Amino acid sequence: MARKKVQKIKLPKAFRAKSKLGKAPGAINYVGGRKEQLTKISLLEYTNDSLKTQYPRPLKLKESISNEMTSFCNVVGLAQENIIDGIGKSFNFNNLLLEDVVDTFQRPKIEEFDDHVFGVFKMLYLNQEDLLVVEHMAMVLIEGTVLVFQETEEDVFDGVLNRIEQKFGRIRSRGADYLFFALLDAIVDHYYIVLDEVKDKLELLEEEVYNKPSEETAKRIQLIKKEILRIRKWIFPVKDLVNRLIESEHQLISKDTKLFLKDTLDHCIEINEDLTLYREMSTSLMEMYMTSVSNKMNEVMKVLTVIAAIFIPLTFLAGIYGMNFEYIPELHYQNGYFVLWGVFIAIGIGLLILFKKKGWL
Amino acid sequence: MARKKVQKIKLPKAFRAKSKLGKAPGAINYVGGRKEQLTKISLLEYTNDSLKTQYPRPLKLKESISNEMTSFCNVVGLAQENIIDGIGKSFNFNNLLLEDVVDTFQRPKIEEFDDHVFGVFKMLYLNQEDLLVVEHMAMVLIEGTVLVFQETEEDVFDGVLNRIEQKFGRIRSRGADYLFFALLDAIVDHYYIVLDEVKDKLELLEEEVYNKPSEETAKRIQLIKKEILRIRKWIFPVKDLVNRLIESEHQLISKDTKLFLKDTLDHCIEINEDLTLYREMSTSLMEMYMTSVSNKMNEVMKVLTVIAAIFIPLTFLAGIYGMNFEYIPELHYQNGYFVLWGVFIAIGIGLLILFKKKGWL
Amino acid sequence: MARKKVQKIKLPKAFRAKSKLGKAPGAINYVGGRKEQLTKISLLEYTNDSLKTQYPRPLKLKESISNEMTSFCNVVGLAQENIIDGIGKSFNFNNLLLEDVVDTFQRPKIEEFDDHVFGVFKMLYLNQEDLLVVEHMAMVLIEGTVLVFQETEEDVFDGVLNRIEQKFGRIRSRGADYLFFALLDAIVDHYYIVLDEVKDKLELLEEEVYNKPSEETAKRIQLIKKEILRIRKWIFPVKDLVNRLIESEHQLISKDTKLFLKDTLDHCIEINEDLTLYREMSTSLMEMYMTSVSNKMNEVMKVLTVIAAIFIPLTFLAGIYGMNFEYIPELHYQNGYFVLWGVFIAIGIGLLILFKKKGWL
Amino acid sequence: MARKKVQKIKLPKAFRAKSKLGKAPGAINYVGGRKEQLTKISLLEYTNDSLKTQYPRPLKLKESISNEMTSFCNVVGLAQENIIDGIGKSFNFNNLLLEDVVDTFQRPKIEEFDDHVFGVFKMLYLNQEDLLVVEHMAMVLIEGTVLVFQETEEDVFDGVLNRIEQKFGRIRSRGADYLFFALLDAIVDHYYIVLDEVKDKLELLEEEVYNKPSEETAKRIQLIKKEILRIRKWIFPVKDLVNRLIESEHQLISKDTKLFLKDTLDHCIEINEDLTLYREMSTSLMEMYMTSVSNKMNEVMKVLTVIAAIFIPLTFLAGIYGMNFEYIPELHYQNGYFVLWGVFIAIGIGLLILFKKKGWL
Amino acid sequence: MARKKVQKIKLPKAFRAKSKLGKAPGAINYVGGRKEQLTKISLLEYTNDSLKTQYPRPLKLKESISNEMTSFCNVVGLAQENIIDGIGKSFNFNNLLLEDVVDTFQRPKIEEFDDHVFGVFKMLYLNQEDLLVVEHMAMVLIEGTVLVFQETEEDVFDGVLNRIEQKFGRIRSRGADYLFFALLDAIVDHYYIVLDEVKDKLELLEEEVYNKPSEETAKRIQLIKKEILRIRKWIFPVKDLVNRLIESEHQLISKDTKLFLKDTLDHCIEINEDLTLYREMSTSLMEMYMTSVSNKMNEVMKVLTVIAAIFIPLTFLAGIYGMNFEYIPELHYQNGYFVLWGVFIAIGIGLLILFKKKGWL
């Protein structure tokens, strides 16, 4: 069961090139796999003392946002390109930015504009059936507001929402940049879960390699190696992006929040190191597997050799006394047959001792 | 069929050295393989409102270009060196630049001159028979004009031409530097198609390795590895070149266009990462192939050993009772023959159970 | 016995992600494995002339510290989160710092604040049973005081305490920054012991590979490889941290102490180089192991081939004269049997000489 | 024949250390292998309009050089150390420079002095018998003059001399720095020939590996790998040297010439990339070779197993009916013999079908 | 004989950690293996015109040094820690420096102090029995004086002493910084000898691998690989140190001497490149060894298969006519026996031809 998860992460086949080709740069064109997901908008606003939730219509979104509160505006479902476009236009976002919002192939990135900071990230998490899900998301930090675009309603941000609603921790008393950080931090925290899953699988495979290696084991090791390479593709760039945020002098990001971002940076560094570690571990596993294959072949060969080495000479001896020469003196000895059995047993035991000494038994 | 494509990309044999040796630097000398292609010139000029196409003669090209419109001048066919030279002279290009225009071995490069920006790129695309084609091309950005030199009339730029003609997107309302970017972007977009092709082949090979590996499979994996190395040679430098364009302070490249170039840079980074990924995947495939070869040998060895281990001792036993000793008591037992069959079967079944336990069956 | 130590270093399974998820950043949450350890505080204060030891209660700690003496305050046991929190609050430490104090998954780090310097390190040492122990620890350097948080009372700092008590070396005459350095130096010195252990094991394994390689040997080589990877994870970052301390311009770290830190830096560089060296040595060992497996298989194959090659033809010959044809002239020769023995022996010796020449015997 | 070329490049054995040891730095000491080559000097001088060739005696060289013309002074044969010393002294070169001129072990280098630029390079070319030759050379650029020191009269510079004599290209109209560039460019151009040779061999080996791999093939692959490593040693540093020339602010190198040097830099980058590519190709070849060895062994094993699996059971059966039991009922059946043949054939065909299905035939 | 040298370089076992643990930083504690070597001091002083040798007592050393001459003070034997301490104190050296003087585990380092420059290096050389020796040494450059601390009187500096005594080269006319350089250069020159030794062994091993590979060969290749790793540890850092000296602005190092140091830097770079080259060569050798093992196994398998494939079917045939069926018609044919021999020979020859065609013979 845990096995099947591996195959889940598959890049959609030959899709990127065909869907983009010939399109002008900046065309807003959703290329992901959740095409039926209708776009839903929720707007959560809070100050230290108050909390308000709205579900505004897309074109009313901009004006629904209050200036006095910190706003967390969540746009779920990216398939209705015209709605995304409409929201983007109302906020005066440039077209290339909107293209990245719906381009599920876009690598993680951070871009700073005069009055907003834009980021694209990949959310990795395990769904209810414990399968790995990769979800494209984009965040825009504007004065007092964080706008999130994501493909499905999933639980990566539940912890953050909880903290806002429960007034837990310092999130209610801080501004939009802290919210931006908290969301990013939640995404990175979920990477740990995926890594733990990978580590888990590696440890299962390690046991399998040591105890019952089969060709299936080798395939699974290769699959997890490939999985690590792909996870790495999505997670690796995040470190540099967070670092850039920390070094940025954008007015929307306060010095205080940067202190927290340093913590996130620390996590990103650790995640990248772990990925490298897991990759080397999978290489070691493959090596160990090959070793066990060789050792098994060795064992098989030894059994064959011991049996052949003992019985082939004996068969030869028996063959000799099966010959029909007129005059074979031994055949007429009274105890010839029993003497020969003695010889058979002596040769057999002698060879067994020899092989024992060679360490083949 | 898809197989044969791989062999297509071959560096022309020992050609570079011989064709250049002893020539002065700056000699204009076409060394590509499309020597019969006559040089054809087309000149597409547009403003936001109007569109004009001309086919001027080479020496009239310079004067045919209007100052009020953005001009896209396309020179197809590089074998007629004197024509290239003539065009170059009329634009006052330096000789080294012209050498690079016709030197199909030239690596991708960007060079900035006082009043023009010069770039060499490789176009990779699949032709009508779906075979991979590598085409050398050079672009010059002059005030209001983009001059393109390419070897054959092919469709890499069709999307761009379309957008100009259909007045689709923002291309008509922007200047020559945007056109320069759009062409570069079209080249890079085609790299994705080639990469998709590579990914496709890798996935086919993966299936082959897992299901029916043969020596042919190994050869194909090595071939695709080599193909990846070569594609990398042509694509890899582009990233740095685009980056240099973005950081350049050349007056011909507007800040606006640089924003778009950042997008292209993003694509280049992704393409390079994918190439690295595909390379590691091909290494993994080779490893998996070797594993399956070892496993097969193991299986063969086991069959041999099981058969030999069972029948060699039995044959020995049969040989014993084929001996001609005068006095072999067992031979005279009434049921000796049938008892012996019992022993044969007991030994056989015993060994089978033993091998079953060892996991060899 | 020495063997079992390897398995000791195990990252707690899937723990990090689950224990942190959904918690606000800065939550003080001990995640280590020494949960029953009560928090104990000792306060050692000294000047060049005097020495004083106290065991203050947590909330009295801050006020117990004398301003005229250098104070070494040792907090052992991190499981009582409220006590840690209390101490932290009394010193005005920020929450993220306190989170790192109890987060046993935290990588080594150095952070500079306005009036204190904070560091997290991993202590690696062998306990009384000679098993490897990894212990999380945090140090804070404040004006005149070093505050140490560690999980258990162990002997890494014994040497330093000794030098303070015995007035040995220059430690009594120097300030808190020298104490900070001395503790860090003691941690790094213990890394050498762990490395020596690793080197020791590698040398034992080397002997094993050369003399009596078994499948166990391969597993042990892989285990030590994994161990090196993990030790590296904890030790590797220290070098950069020490370097940052040396380049820091924090007022709490005197130029004199930096001279000593350079020495520690030297040690860190050497330790990292040694780890790299040991890793390459373990790779070489694995290679050597594979070679010896191949060589053994070769030897087995040769024995099989020699025996089969000698006796199979002889058995065939014997089989011929066991045939029941009515007319086989050789059977009636007087000395046929003895001549045939001559032939058997001649063939056997001839083949033995041949194989000797081939170097198979 | 093409094969033997590989062995040609051999570092002279244990020579460097012994020939230099105990010598003061700056001792002029020719350590190359062309000791009988007498030193010959030729002096070619030219302006745009005139051309003059002289063969001055060593001590007259300095005064023979005209101030109005560009001079190309070629010193061939480095074994007569006193002559080299004399020339050096007359130009006021420092001793370390002269040591490098005759030290054939010296790596490629560029050094700038107040009034001259000094460079050491390795010329690689194929001689008349198509064998690879490595030749040490040094160049000094002085105001209006390029002084070349080389070991033998060979044809690397023929193209340049030709262009000077034929007034071909721009060389006659430019100064000594352009000549310096042209010579360097000629050296680099010859690297392409050597690389083409390497590529050629790699392609031959590729064919060999795919069609008729033998142990010789493996040795040849290893040899070419070693050759690539060694060529790399001589070519690799050149890139950085050319780059340093381009960035140099030495008054002797004009901005114009730097433009040409950029072209050479481009070539150096490409050559280095190609070397890396060829190295990876040779690694791939070795891998492919190992694969084919494994596959062959597999094939051999299958043949053995099929034959043994078919005939060993049959022989056992035949052995049974060769036994001498008094009562074996089958022996008395009228058609027992023919029925048994039927059984033999049935078993044989059955096993053949089985192995066919397994894909072993 | 040349073989045994390899084992010579062994890091003393588990020594570093134990000897240093718990010691205060700066403790002067000789940990090397030449404990019986008494400390001897010689003082060689020279100007261009005069030369003077003294053997002062340790405490008189400082005052024995003349201010007008360049002094080369050689302290041999580091085991008498109090003497080293005394000398150090008289020169006002700091304790950490003195610790490094006697700490034979210390990596190569350069440290600049206000009025002296301190360096630690490893001397590698072959002793009279041609065995490799690693010797720890330290040098201090003071105004007008170079102080050398070394473990034994060995010949690395003989060449330099000679040049001073013979007034050979420029050494007598230059100051202490040139002497410092000359000694460093002598150390680096000896590295070449060790490298030549390594190259020599590699070439012997190469021959062995190609002609008579045995398991011993594999062990030797691994040993030399390990040796290269260890030599690298001692030599590798020197490059950066020399570079730092060149870029240093310490008043004791003149611009002139830096010119010479650049030469030494060149040598260091070359040595490092060679070490890398040798390492890759040893990897290639191991690969080649594995290839030859595989090829041998292939050969053995072919012999076994050919013999088994020919004789097993023949034995079966012979077995058939050894059966005791009442009615076997062939047995009664007059020439049955001879016909069967014909069949035997035909089958044998047919299979031989088949195997010949397959290339197995």
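The legends below describe close-up views of a predicted model. Local features need pLDDT of at least 70 and side-chain atom pairs count only at pLDDT 80 or more, whereas totals for chains, interfaces and linings use all residues. Residues are numbered from 1 along each chain as its sequence is written, chains are lettered from A in the order in which they are written, and side-chain values use heavy atoms, without hydrogens and water.

**View 1. Rotation relating chain E and chain D.** Chain E is superposed on chain D by a rotation of 72° with 0.1 Å of shift along the axis, at an RMSD of 0.1 Å (least squares on the C-alpha atoms of residues with pLDDT of at least 70 in both copies). The two copies are therefore related as by a five-fold rotation axis. Among the residues of chain E, Gly322(E) comes closest to this axis, with its C-alpha at 4.6 Å. The copies use different surfaces, as 17% of the contact residues of chain E recur in chain D (contact: heavy atoms within 4.5 Å).

**View 2. Interface of chain E and chain D.** Chain E contributes 65 residues to the contact and chain D 63 residues. Together they bury about 5800 Å², 63% of it on carbon and sulfur atoms (accessible area, 1.4 Å probe, lost on putting the two parts together and summed over both). There are 9 salt bridges between chain E and chain D (a side-chain nitrogen of Lys or Arg within 4 Å of a carboxyl oxygen of Asp or Glu). One of them joins Lys233(D) to Asp274(E), with the closest N and O atoms 2.9 Å apart. Helices H6 (158–165), H7 (176–211), H9 (255–320) and H10 (336–358) of chain E each give two or more residues to the side that touches chain D (helices: DSSP runs of H or I, at least four residues, numbered from the N terminus). H9(E) supplies the largest share of that side, 34 residues.

**View 3. Interface of chain C and chain E.** The contact takes 66 residues from chain C and 65 residues from chain E. In chain C, Phe316(C), Asn324(C) and Phe325(C) lose the most area to chain E, together 11% of what that side buries. Lys233(E) and Asp274(C) meet in a salt bridge of 2.9 Å, N to O. H9(C) gives the most to the side of chain C that touches chain E, with 35 residues.

**View 4. Aromatic pair of Phe344(A) and Phe316(B).** The model holds 65 aromatic pairs over all chains (ring centres of Phe, Tyr or Trp, the last by its six-membered ring, within 6.5 Å; planes under 30 degrees apart are stacked, over 60 edge-to-face, the rest tilted). Phe344(A) and Phe316(B) are edge-to-face, 4.9 Å centre to centre with 75° between the planes. The pair crosses from H10 of chain A to H9 of chain B.
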